[in-house]
Amino acid sequence: MKAQENPKTKKSRILTVRILLTLGGITLNAVFSFIMYKLGLPLFLDTIGTVWVAVLSGFLLPAICTAVVSSVICAFFYWPSIYLSFFNAIIAIITVSFARKKYLKRVGPLLLYILILTLISSVSVSFLQYFVEGQNTDFITFRNALALSNELSIPYFLSLFITNLMLYFLEKVFISISNLSLLSFIPKRILTFFEKDIRTHQLVSKTAIQYVTDNQRNIKHPLHKKIVLIFVISSFALVILTGTIALKVYYDNAKEEKTHNAKNCAKIAAELIDPAKLDDYIKYGFDAPGYNETLELFKKVQKTSLDISYLYALKIEENGCRFIFDTDEENAYSPGELVPFDKEFENYLPQLFDGKEIVPVESDSFLGWLLSVYQPVLDQDGKCVCYVGVDVSMDYIAGYMGSFIVKVFLIMGGFFMIVISYAIWAIGNNMSYPISAIAASVDRFSDSGEEQEKLEENVRFIRSLDIKSGDEIQKLYDAICRMTLSQSEQIRDIRRLSESTVTMQDGLIITMADMVESRDSDTGAHVQKTSAYVKIIVEGLKKKGYYPQKITPKFMSDVVRSAPLHDVGKINISDSVLNKPGKLTDEEFAIMKTHTTAGKEILEKAISTVQGENYLKEARNMAAYHHERWDGKGYPEGLHGEVIPLSARIMAVADVFDALASPRVYKPAFPLEKALTILQEGSGTQFDPKCVEVFMDALPEVKMVLKKYNGGSFEIQK
């Protein structure tokens, strides 16, 4: 017989296989990608290992880890690969989804899978190549895309996308064929091992997972979804906050550096201007002595710093700024040209008019996003005669910040996938599944009622959850296991005590009935026989579906157990009347009839003093009304039809039949056929027809009762 593997050993073995499978997939991706890169081929095949891991494991975490880590490793020899980690993780998720449903072995779903992966790969790679690498003619993909763009006169990005679409379609077809080949060549026992153990095994009990899955519809807001949502939102918020802070720090540093460079250039340019010649520069422009030399020096200063977009000198006047020098070679302002103030400078005009230095000013105009630094030019008296302006372009910073955000998103996206998949797995195994399973199993246990079999079955079920999280949840689970087991045992003890009490109660009833019977010399075994007939009748009614609302298991039990008390009222009848051998007089018969009301009074007193009214209610009904007739001509109250309690109608048939089939001091026993004929004649008049019907249908059982208690006399009567 094969030894049962230890659960801890099995979990360790499966985790080891998953890790080794992931490492194998990463190695496969890296090797293929490196070979393709060195050969200069346009396809990297950096998802083949991801697809194989996803298909074999059918598990998100190993597949996503394979995709993301592979992208990081490939970045060591081809840096842009790291930006594909997010898209490769998406491919892993899609592959796992298709693999779990076994779609990859069917032509239609497989073709859809290839098209989806082709679209994802071509879009992501085209985006990366266009916005990160630009038109790099060293790669065959770019050359083909450029040729296609020129040939068809379409935008370059569209031609790049079409080129990648065709290439990656071939790649995904190759990967799919290799995947099918892998599944064909791997031995069946290994595939079975992956499907039954690696793919389906969880670190919590399968029973727990299955039961939680079946009861998910009853949980409006599952715990694991809440926790994962909180985790994702908080992580995403943290990434945004971190990125925002990084961008702000970068922007402030870049702005400070550009401002410093602009101020240095402005100071150098200010020293080149001769304040005494400003009026001539404005009036005569290029014809003024020394103007052109100074302008050339301005241009040289501008070229010393790549950050500077414009360098100029201007004089502040009431109606605007009058340009003196402008190094812009395309749209330069003429010397002496008056230009209105830009709106960004309106708040600084008082300082400019006073010849004071102002803080750097940012403006966004048709010239772009500029940072302007103004340096006063002072004459020999220290008076500001003009300003040297330096405009630094901030468009590079804006472009870099946009590129930074995209790159961070792509890089972090892949790692985000790993973290989220791990969080879903860890929360499900360590929190959500255990807590949900415990809650569901406790509900199931509480719904067991008092049925011992169900209680014990649910105790076994709770223990089968086998939660081994090693934390507070396991402590809670262990406590619940002990509590449910203890409760089951307590209910078992209570049931035993209850059964003992019922047995004692039934014994007291029989004893009381025997005491009454012992006073009546003609009722040999009357209590036992009527009880047996009552059981036959009530079971017959149940079997035929008569009175379904009334005949419940409890009613049947109460009627059979209460039957011996139907003549308890005879305790009040004197022996002279009870055992008179001849016919009773009218006065004596009137006394005899009082045993019904006396029985009712005795049992009502018992009901009022003893806990168990539901149990004694049917005993009271039978004692009080078993001499009522279906047609309303009975006693003590003249009830008729279904107004008579059902238990009393059942007892009426049983009591009369036993009186007919048994000897009395005033008559011999009637033959069975005669007794049955009289019983049938009374159907619908004296007796409930349905009670007579089921009694007649159960004649074999009736004969067994007669044979048991009448012995040989039954044979003679027959």
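## The S1–S2 hairpin

In this predicted model, strands S1 and S2 make a hairpin, with two residues between them. S2 covers residues 320–326 and runs antiparallel to S1, to which six bridges join it. One of the paired positions is Leu-314, whose bridge partner in S2 is Phe-323.

## S1 and its other partner

S1 also pairs with strand S6 (residues 384–393), again in the antiparallel sense and over six bridges. Here Ala-313 has Val-388 of S6 as its bridge partner.

S1 spans residues 308–317, and seven of its ten residues are buried, so the strand is largely enclosed by the rest of the structure.

## The largest nonpolar core

The largest nonpolar core has 52 residues. The members that touch the most others are Val-55, Leu-56, Ile-64, Phe-87, Ile-94, Leu-104 and Tyr-113. Two or more residues come from each of helices H1 (7–39), H2 (48–57), H3 (60–74), H4 (85–100), H5 (107–133), H7 (156–185) and H14 (395–446). H4 gives the most, with nine residues.

Leu-104 shows what surrounds one such member. Setting aside neighbours within four places in sequence, Leu-104 is in contact with Val-55, Thr-95, Phe-98, Ala-99, Leu-110, Tyr-113, Asn-179 and Leu-180.

## A separate core

Another core, of 37 residues, lies apart from the largest one. Its members include Leu-541, Tyr-547, Ala-652 and Leu-676.

Terms used: Residues are numbered from 1 along each chain as its sequence is written. This is a predicted model: local features need pLDDT of at least 70, side-chain atom pairs count only at pLDDT 80 or more; totals for chains, interfaces and linings use all residues. Side-chain values use heavy atoms; hydrogens and water are left out. A nonpolar core is a set of buried Ala, Val, Leu, Ile, Met, Phe, Trp, Tyr and Cys residues joined through side-chain atoms within 4.5 Å. Buried means under 20% relative accessible area, exposed over 50%, partly exposed in between (1.4 Å probe, protein chains only). Helices (H or I, at least four residues) and strands (E, at least two) are DSSP runs, numbered from the N terminus. Contact means heavy atoms within 4.5 Å. Two strands pair if DSSP finds at least two bridges between them.
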